[in-house]
Each structure stands twice: as structure tokens, then as C-alpha cells.
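New notebook page, new structure.

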Amino acid sequence: MRRYGKHTDEDDIRSRPNRKGNRPRTNIRPKHEDAAEGLVLTVDRGRLTCLVEDRVVMAMKARELGRKAAVVGDRVMLVGDLTGMKDTLARIVRIQERASVLRRTADDDDPYERVVVANADQLAIVTALADPEPRPRLIDRCLVAAYDAGLEPLLVLTKSDLAAPDELLELYGHLDIPYVVTSREELENGDAADRVRELLDGRITAFVGHSGVGKTTLVNALVPQERRRTTGHVNAVTGRGRHTTTSALALPLAGDGGWVIDTPGVRSFGLAHIDPSRVIHAFPDLEPGTADCPRACSHDEPDCALGAWVAAGHADPARLYSLRRLLATRERTEGD
């Protein structure tokens, strides 16, 4: 039944009063064609520090982004006050497509993924050779996450003045991972920073490692103008350092030498989000041998065709051992 006649007038239409007194919502969103591009340097309690051209700008996420969150390393589009002056605030209205995403979960049973950094192309896994003792299973997990994200891994071994690196390097030698070994003395005189910087030149490198391994000390040596507070000791009972870096931070290397992203120390690196079938892509010398594998082969089971293929001389058996060790890391704890 029609409430109004054929020829209705504006005054005939009843409208509900807006009790809040604000403007009605609309599904039409502004295009923000004048938005400027920026790089997210760090995130702290809903406030994002961004680099826009040569200015450091504080920003917040626009409501229209919903639950989509920006992380360190993201390229974003901003509107509002972009002067970078004190007490000004811009808005992030778009997050650009990511070239890579490094993720982790709290443990292997946790379905919630945490994005560590975006758009990095290298993962520097920092581990001490002593004080605290190296944890190969944690290194394995970081390697799996790096391969899954498409990042090239780099091993940075610290405190070589306390223990020799030979045993640990032998464990990872067949993976052909670039590495650098540093000592406390070399960090103090700058030699270590120079050697590490050569491997970071022109790249965006995320640094990960558990607390107390000297990760932030190394970052401070690489970017001395942006010193972060470091841990001074390792707990004698647990063998673990204290968290001093509480949020990820992107820092520029001198000149156009790239970026380093310092991340908080981790005590676990869950891989619940990793599909084991993707790890084989990091082993191009073994991948052809999977052609005869059964469907959904884990590459660590009796019916896997890789064993016979490698035994026939197509690849180094040590490489297959390395692959299977990495694939099995989800069944073991980092401290094993």
C-alpha cells in the first residue's frame, strides 16, 4: 500500500531526526588523490611514525581501513598535516601492496599470525656463539619463515671471542647461507660493522634473534646516530637476555645503503602459518626430484621420491638432510 500519492512534495516525506547531530554515514569513500607516499618506521600504541620525503610524520590509521593494520616497512599513502611539526597528526588512508611479508605465530598451535615486517628482502638471523648458548632449532625456524616469505637469509654470529663458530657453521654449510662472524672487540672498533654493512648494502634487512645475542648492539654499530638501549647481561639461571627493544624500528644506513629493521628479541618462533610444501622452493637443486612424489608429500616420509632421486646422484645427500631437518622443526621445540 502506497503511503504517499503520485505527486509527493519534499514536505510530505518524513525524515528521522539524527539524535547525535552528526552527518549521516555514506558508502562513498574519498579517493584521496592528493595523498603522499610514506614509509612506516615504527608503530607504538596506534601511532605510526612515517618518513614522508625527508620529514618524519606522526600518523594514525584512517577508520576506512577497518582492521587492516600497517606494520614497519609498509609503504603507505597519507593525507592531512604532513609538515612533521610537533603535535601534528596525519592519516594513513591506503596501504600499498607488499612485496614480502615476514610472519610468525606465538607457537605452533596458535592460529593468529603476527606480521613482523613488510617489504624486507633479507633476514639477518643473529645468534651468539656463547652467553647465551646458540639455539639451532630457533635458527631453523627463522630459516623456514624466511624461505616461505621469499627473503634471503643471512647468518650473523656474535661473541666469537667466547666460542668458535666452526660447529654451528658446519651445521648450516650445505644450505649455502651467507654468514658473518663478529666479536665484541670488532664491534667496539668498527670492523664488524663494516663487514656486516657490506652484506646489507642496497637492501632492506630485518634483524631477528632471541634476547641477549647482541642484535641491538650490532644495529647501534651500523647506525650509530640512532642508538637504542641494549641489554647488559644474560640471566644466569635461564640463559636468556632481557627484552630491551620493545617495538620494531626501521633505520637508514649511511648514504643510499639500504635499511635495517631492528625487531624485539623473540623467545619462540611459531610456524603454524607455514605450509611445509612451500619450503621445497628454497631448494631448487632438490625440487626436480619431487616430480614422482605422492600427492601432498611432506618430503619426510617413506614414500617420498627424493630419497631415491638423491641416492641416484642427482643432488648432494647433505642438502636433503638439511631440507628434512628444517621440515621437521615444527615437531621439535626451539631449545632442542
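**Entry 1: Arg-45.** I started with Arg-45, which has 77% relative accessibility and so counts as exposed. One thing to keep in mind for everything below is that this is a predicted model. Arg-45 sits in the loop between strand E1 (36-44) and E2. Its phi is near 50°, a positive value, and Arg-45 is not a glycine.

**Entry 2: His-299.** I found another non-glycine residue with positive phi: His-299, near 65°. I placed it in the loop between strand E13 (258-262) and H6. Is His-299 buried or exposed? The relative accessibility of His-299 is 6%, under the 20% cut-off, so this residue counts as buried.

**Entry 3: a cis bond.** Next I looked at a peptide bond. Asp-131 and Pro-132 are joined by a cis peptide bond, with omega about 5°. Pro-132 belongs to the loop between E8 and H1.

**Entry 4: Cys-50.** I went back to strand E2 (residues 47-52), where Cys-50 is located. With 0% relative accessibility, Cys-50 counts as buried. What is Cys-50 in contact with, leaving aside its neighbours within four places in sequence? I noted Leu-39, Val-40, Leu-41, Arg-55, Val-56, Val-57, Ala-59, Val-76, Leu-78 and Ile-92. I also checked Cys-50 against Ile-92: they are 42 residues apart along the chain, and their C-alpha atoms are separated by 9.6 Å.

**Entry 5: the whole chain.** Time to zoom out. The protein chain has seven helices and 13 strands. It has 336 residues, and 46% of them count as buried. Among contacts with a separation of 6 or more, 64% are between residues 24 or more positions apart.

**Entry 6: helix H7.** Why call H7 largely enclosed by the rest of the structure? Because eight of the eleven residues of this helix (residues 317-327) are buried. I listed the buried ones: Ala-318, Arg-319, Leu-320, Ser-322, Leu-323, Arg-325, Leu-326 and Leu-327. Their cover includes H1, helix H2 (166-172) and helix H6 (306-314).

**Entry 7: H4 against H5.** I then looked at how two helices cross. The axes of helix H4 (residues 191-200) and helix H5 (residues 215-222) come within 9 Å and cross at roughly 85°. The two are therefore roughly perpendicular to each other. H4 makes this contact with Ala-193, Val-196, Arg-197 and Leu-200, while H5 uses Leu-218, Ala-221 and Leu-222. By class, I wrote down six nonpolar residues, one charged and no polar ones.

Entry 8: How many cavities of 30 Å³ or more turn up in a search of the whole structure? I got three.

**Entry 9: the largest pocket.** Last stop for today. The largest pocket has a volume of about 570 Å³. It is lined by 22 residues, and the closest to its centre are Val-71, Arg-114, Val-115, Val-116 and Ala-248. Strand E7 (residues 114-118) gives the most to this lining, with three residues. By class, I noted 13 nonpolar, four polar and five charged residues.

How values were computed
Residues numbered from 1 in each chain as written. Predicted model: local features only at pLDDT ≥ 70, side-chain atom pairs only at ≥ 80, totals over all residues. Heavy atoms only, no water. Axes fitted to C-alpha atoms, helices over the stretch in contact; angles between N-to-C directions. Helix = DSSP H or I, 4+ residues; strand = E, 2+ residues; numbered from the N terminus. Parallel < 35°, antiparallel > 145°, perpendicular 65-115°, else oblique. Contact = heavy atoms within 4.5 Å. Nonpolar A, V, L, I, M, F, W, Y, C, P; charged D, E, K, R; others polar. 1 Å grid on protein atoms, 1.4 Å probe; cavity = no way out; pocket = protein on both sides within 12 Å on 5 of 7 lines; lining within 4 Å. Points joined across faces, edges and corners; volume = space filled by probe spheres on them. Buried < 20%, exposed > 50% of the residue type's maximum accessible area, 1.4 Å probe, protein only.
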